[in-house]
Amino acid sequence: MNHKQPAAHLNNRPAGYSDSPGARKRDNLLMYDDFGEENCCPGRCLGHSSSSERQLMVSLSAVKRRQALRGPAYMFSAPSSSLSDVEQRFLEAAEYGNIPEVRRMLLHMPNLNVNAVDYMGQNALQLAVANEHLEVTELLLGRTDLARVGDALLLAISKGYVRITEALLSHPSFKDARRLTASPAQAGMLDDFYAYDEDGTRFSHDVTPVILAAHCQEYEIVHTLLTKGARIDPPHDYFCGCDSCNYQQQFDSFSHSRSRINAYRGLASPAYISLSNEDPVLAALELSNELAMLANIEKEFKNDYCRLSSQCKDYVVGLLDLCRSTEEVEAILSGETNSEDIYELPGRPSLTRLKLAIKYELKKFVAHPNCQQQLLSIWYENLPGLRQQTTAIKLLVVLAVAMGLPGLAVAYWIAPCSRAGKVMRSPFMKFVAHASSFTIFLGLLILNAADRFAGTTLLPNMTHHQVSGGPRLNSDPLLLYRMTTTPFTWMEILIISWVMGMIWAEVKEIWSQGPGEYLVEPWNFLDFGMLAIFLASFSCRFSALKHADLAQTYVHTHYTTLINVTLPPEIHYFTLARIHWLPSDPQLVSEGLYAIAVVLSFSRIAYILPANESFGPLQISLGRTVKDIFKFMVIFILVFLAFMIGMFNLYSYYLGAKQNDAFTTLEESFKTLFWAIFGLSEVRSVVINNGHKFIENIGYVLYGVYNVTMVIVLLNMLIAMINSSFQEIEDDADVEWKFARAKLWFSYFEEGRTLPVPFNLVPSPKTMMGLSKSIKTLLLQYVAGHSKDNTETQLNKKIMKRLIKRYIIKAQANRESELKEIKQDISSLRYELLEEKSQSMETLDGLLRRLGEISTPS
């Protein structure tokens, strides 16, 4: 049993312990001194002690140490009675790193059961790995009948023991590539490579070595496993209907969901993304979006998926934060440039990754200073010096562009490659030109009603023959009244040209982006609705004009005067004043639609507000408020419908028997309850004249409950929702504004759409050249095949490898700093304990000398 004495203390060695022979000798000396003190003290006190008693005391002391090291679990598991003394010594030697003893037993005991397990179900290999005994692990791996190598590998990976992991991977079992890619639970692998009893392993049966290494952020181990062919297979789609997914869902749906989460945790690990992908930025962006979608599908694990999605976003932001030059920033924002992209000008980065980040709403990535600086340099392209000018100078430039917009458009149309053309292609100038054009459009909408600002002279019950001072209108005695109101004015013709230009711009945008991507942007719905209503309004107006023109032609053909003439009813209708028109008259419908379109046109101003730092957050808050209102409307409509139908059922029998018509019809019930929200309905709306107090009291109660529910509860809840959304925007106003501004800027980065409305209706020579060039490129690719220059791709890969290396070094440095602090604390504690031990030894020696002096005279 003497060999147990030095082994009993090996597990107490401090962090930073070296496995060098010198260090082991020093520790062995210390441990033998410890045992000497414990064993000599009783001998000196007793005076006479046999060697068997001393060995018994040493054995008891070692057992107590083992129990203390094993912790509370030892109390719930009795020591195994099936282990022989040899197996017990072998396990203890492996656990405490007694290399000579393990080597001796392996050499001289060929029938030794190396797979014997202790009370916790761990064999010698697992004990050696758990205590980081590399030499013992290498000795055990020499046995061909060794079991649970897979468990030992997972244990080494979880503890971050790189050298032990490499030693385990050199075992012959891993010549089979399935050992690294298959999890313990997969079929065809049920052997002694893993422990399948409940207490035999501490890891889930769906975790593979590479997944566990990714979970633990062990970069070296992940790299080693990847070089040996290990990969993490992406889980199937959530709605996958293959036989494997169906069986796992039916057999154990919870385990299936957890296995998917474990796989995604590995895929989202920065270590795995960095080392397994040629384009880690693209992989992280797409995985982040996939995880965000899964968070909305699998509500049970929403927090897990959201956390993994945020981890991918933070990884991309971390890479961007490590950039040290414009070239590196462009490599991250652009990625591998596709030669088929036709939007970018020569010399301008494609920004495909940035476009993807905007689509997936990676706000921190887009709002990062490195990204914003790159966007700002592109925004003021071909405008040297304007970026450093004051706001006043920029406003003067905007005013000059607005005033000279027709001349600039003609210059670009004639010479798009001239200096003026290059200036017009600048994103800033494109933005100013389009904003100026839209401002002119709004001005036309205002001026179109300028003749009615002070009130119209033609009242609804009057026709043009009854208006005084109108010789032009009265010059033709056969002129119908509708021919004076239906024709388009020159102002309306200008408005129609602007609308047609905007429709053409939207068609080109749908063609370039595709219908799916076009419908994702909320502003496109506003544009589509505004233009559709304008188009419907003008169509109704044109229809009314056509019918009026046909009636006028009929009058000119059949009549010479309209005095004392009876016209056919369909012709006479066009001579009537406005008050006598049918409600469904096309001109009335056109005027109503036109009013709605004007309101939507002015609301379109909010699109350009993110360009300003002061108005941008307000516009974002307004958009968030609209979303909150739509959510609130669900509850509002349910409550409103309940009271509307209830009050109608109560009072529908009392039509004419009430003080007013409230609630007597469904329409009146709707009007009364709607205006009651704003305090515009009266309490007497529930009073009945014939004295039916029971019905009247029920009406009072329902009407009171409605007002309390709607005004006090629901409206205050809506105010609280709006306030919460506004506070969220304000808390992160800088990021939200920069993200919204980047979206606005990016819409002007793409090539094309240089000429503003309505100048875009005229095809320019540049458009025709671009069309012919596109056709020529397609034909050449079809005939000669697609050829791609790999020079830029190789450069991007080189830059990306540099950034990945920088990221890994930083991640390892952060971990080492934390470990260094822990090691320093442990080292300080060790020296304090050694100092206390030295003082205790001196005190003990003093007591022994005094005891010897006292016992000598006696």
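A residue counts as buried when its relative accessible area is under 20%. Keep that cut-off in mind for a look around this predicted model.

Take Cys 245: the nearest cysteine sulfur belongs to Cys 242 and sits 3.4 Å away. A disulfide needs the two sulfur atoms within 2.5 Å, so Cys 245 is in no disulfide.

Helix α19 covers residues 326-334, and its buried residues are Glu 328, Val 329, Ala 331, Ile 332, Leu 333 and Ser 334. Just past the end of α19 comes Gly 335, with a positive phi of about 70 degrees.

Now for a pair of packed helices. Helix α15 runs over residues 253-267 and helix α18 over residues 302-321; they pack at an angle of about 10 degrees, with 11 Å between their axes. Angles under 35 degrees count as roughly parallel, which means α15 is roughly parallel to α18. Who does the touching? On the α15 side there are Arg 258, Arg 260, Ile 261, Tyr 264 and Arg 265, and α18 brings Asp 304, Tyr 305 and Leu 308. Sorted by class, the contact has 4 nonpolar and 4 charged residues, with no polar ones.

Definitions and conventions: Residues numbered from 1 in each chain as written. Predicted model: local features only at pLDDT ≥ 70, side-chain atom pairs only at ≥ 80, totals over all residues. Heavy atoms only, no water. Axes fitted to C-alpha atoms, helices over the stretch in contact; angles between N-to-C directions. Helix = DSSP H or I, 4+ residues; strand = E, 2+ residues; numbered from the N terminus. Parallel < 35°, antiparallel > 145°, perpendicular 65-115°, else oblique. Contact = heavy atoms within 4.5 Å. Nonpolar A, V, L, I, M, F, W, Y, C, P; charged D, E, K, R; others polar. Buried < 20%, exposed > 50% of the residue type's maximum accessible area, 1.4 Å probe, protein only.
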